[in-house]
Amino acid sequence: MARSSSAVLAVVVLVAVAFVTTPSFVAPPLAGAGDLDLRAAALGAAGLAPLAVEQPAMAYDSVVAMLQSWLVGGTVLTVIFAAAIIAAAANPLTKRRQE
């Protein structure tokens, strides 16, 4: 499936390049305009090249793996908040002010 979508993506990119390089209206030629168009097309293609790599970002193999990650994340956050509450309660400056 990934190969067929890469082929489709390559065809879409080729069609987009064809649309960009063909003139949509007839205009008088400008001096040095040809260099800029080719450079712009090359820069555009280079900028869009990372989008051609189709790899899922942070994909889970199953719902169980997703739930486990949520449980681990929730436990870590609970431990961090508990440590912050203990540190706030055991603050020596607050205890010194109360005396």
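**Labels and their grounds**

Analyst: On the surface, a nonpolar patch is formed by Val72, Val76, Leu77, Ile80 and Phe81, which together have about 500 Å² of accessible area. This is a predicted model, in which local features need pLDDT of at least 70 and side-chain atom pairs count only at pLDDT 80 or more, while totals for chains, interfaces and linings use all residues. Residues are numbered from 1 along each chain as its sequence is written, and side-chain values use heavy atoms, with hydrogens and water left out.

User: What makes valine 72 count as exposed?

Analyst: Exposed means over 50% relative accessible area, buried under 20%, and partly exposed in between (1.4 Å probe, protein chains only). Valine 72 has 54% relative accessibility, so it counts as exposed. Valine 72 belongs to helix H3; a helix here is a DSSP run of H or I with at least four residues, a strand a run of E with at least two, and both are numbered from the N terminus.

User: Why is leucine 51 called exposed?

Analyst: Its relative accessible area is 61%, and therefore leucine 51 is exposed. Leucine 51 sits in the loop between helix H2 (33–48) and helix H3 (63–89). Leucine 51 and leucine 9 are 42 residues apart in sequence, with 9.4 Å in space from C-alpha to C-alpha.

User: How many helices and strands does the protein chain have?

Analyst: The protein chain has four helices and zero strands. Buried residues are 0% of its 99 residues.

Terms used: Patches are made of residues with over 30% relative accessible area and no salt bridge: like charges are joined within 9 Å, nonpolar side chains (Val, Leu, Ile, Met, Phe, Trp, Tyr) within 5 Å. Accessible areas come from the Shrake-Rupley method with a 1.4 Å probe; for residues, only the protein chains shown count as cover. A salt bridge is a side-chain nitrogen of Lys or Arg within 4 Å of a carboxyl oxygen of Asp or Glu.
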